Amino acid sequence: MALTRNKVFFDLMVKSLDHKYEDVSILAAEELARLRGSEARNVLIEHLSSEVYHVRKASAIALAKGFGAEGVDVLKKHILAEKEPFYRTTSAHGLLAGGKKGVDTVVELLNAENSNAVQTAAETIEHAAQNLGDDVIPKVIEALMSAGDRKDTLGIVQLLKAAAAFKGRARNYEQYMSVFSDYPQEQVRAAVSKALMMIKSH
């Protein structure tokens with residue numbers, strides 16, 4: 001009887017995860033995460049590619065918070081493999097909900113060989129910069145230098161935006177960004193100019 005009740009509850013949570021109301025999806029994702037079983041984990045993983053934003057978001061956060069290091073690793077792999085930028089971004093934001101391990105993983109992805117993953121990680125840091133510590137800044141700059149070595153133009157642009165998002169806190173790193181002032185691609189030169197202006201004005 002208990003097994004039957006558990007199966008009914010599980011099926012209800014799976015169905016509720018796709019609910020049109022975000023609060024219902026969040027509750028369902030949290031309950032699935034509390035189960036911590038492989039079946040619940042796989043349901044959440046499948047929903048990382050949902051077409052509905054709040055369903056992806058709830059699933060990513062539930063994996064990061066409810067499955068610890070395993071959930072963080074799942075999100076990392078999803079970001080590295082996923083071609084759709086919106087899906088990658090939701091998983092990256094989910095990582096930020098996973099505490100220090102999640103934040104460290106986003107920072108780690110800045111140095112991925114996969115340019116898509118680099119751009120997603122840098123964009124995530126750009127949007128979360130005000131809530132991140134100064135220790136992240138040199139890691140962004142290090143990734144910027146690596147992207148320059150790889151001639152990863154899109155990665156460079158996004159990493160410059162990430163560095164600039166720290167505003168005045170990134171002032172000690174202006175010389176590293178200035179290296180890209182004569183980069184062949186105009187979009188990089190424009191990004192450098194904008195980044196330096198943002199840092200200097202705060």
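In which kind of crossing, left-handed or right-handed, does helix 5 pass helix 6? The answer comes after a look at the whole chain.

This is a predicted model, in which local features need pLDDT of at least 70, side-chain atom pairs count only at pLDDT 80 or more, and totals for chains, interfaces and linings use all residues. Residues are numbered from 1 along each chain as its sequence is written, and side-chain values use heavy atoms, without hydrogens and water.

The chain has twelve helices and zero strands. Helices here are DSSP runs (H or I, at least four residues), strands likewise (E, at least two), numbered from the N terminus. The C-alpha atoms fill a box of roughly 70 × 30 × 30 Å along the principal axes. Of the 202 residues, 46% are buried, meaning under 20% relative accessible area with a 1.4 Å probe, protein chains only.

Now the helix pair. The axes of helix 5 (residues 68–81) and helix 6 (residues 85–96) come within 9 Å and cross at roughly 155°. Axes are lines fitted to C-alpha atoms over the stretch in contact, and angles run from 0 to 180 degrees between N-to-C directions. Helix 5 is therefore roughly antiparallel to helix 6 (angles over 145 degrees). The crossing is left-handed: the near helix is turned anticlockwise from the far one by less than a right angle. Helix 5 makes the contact (heavy atoms within 4.5 Å) through Val72, Leu75, His78 and Ile79. Helix 6 contributes residues including Tyr87, Arg88 and Leu95.

Elsewhere, Phe166 touches Ile125, Ala129, Leu132, Gly133, Val136, Ile137 and Val140, leaving aside residues up to four places away in sequence.

Methods
Angles under 35 degrees count as roughly parallel, over 145 as roughly antiparallel, 65 to 115 as roughly perpendicular and the rest as oblique. Buried means under 20% relative accessible area, exposed over 50%, partly exposed in between (1.4 Å probe, protein chains only).
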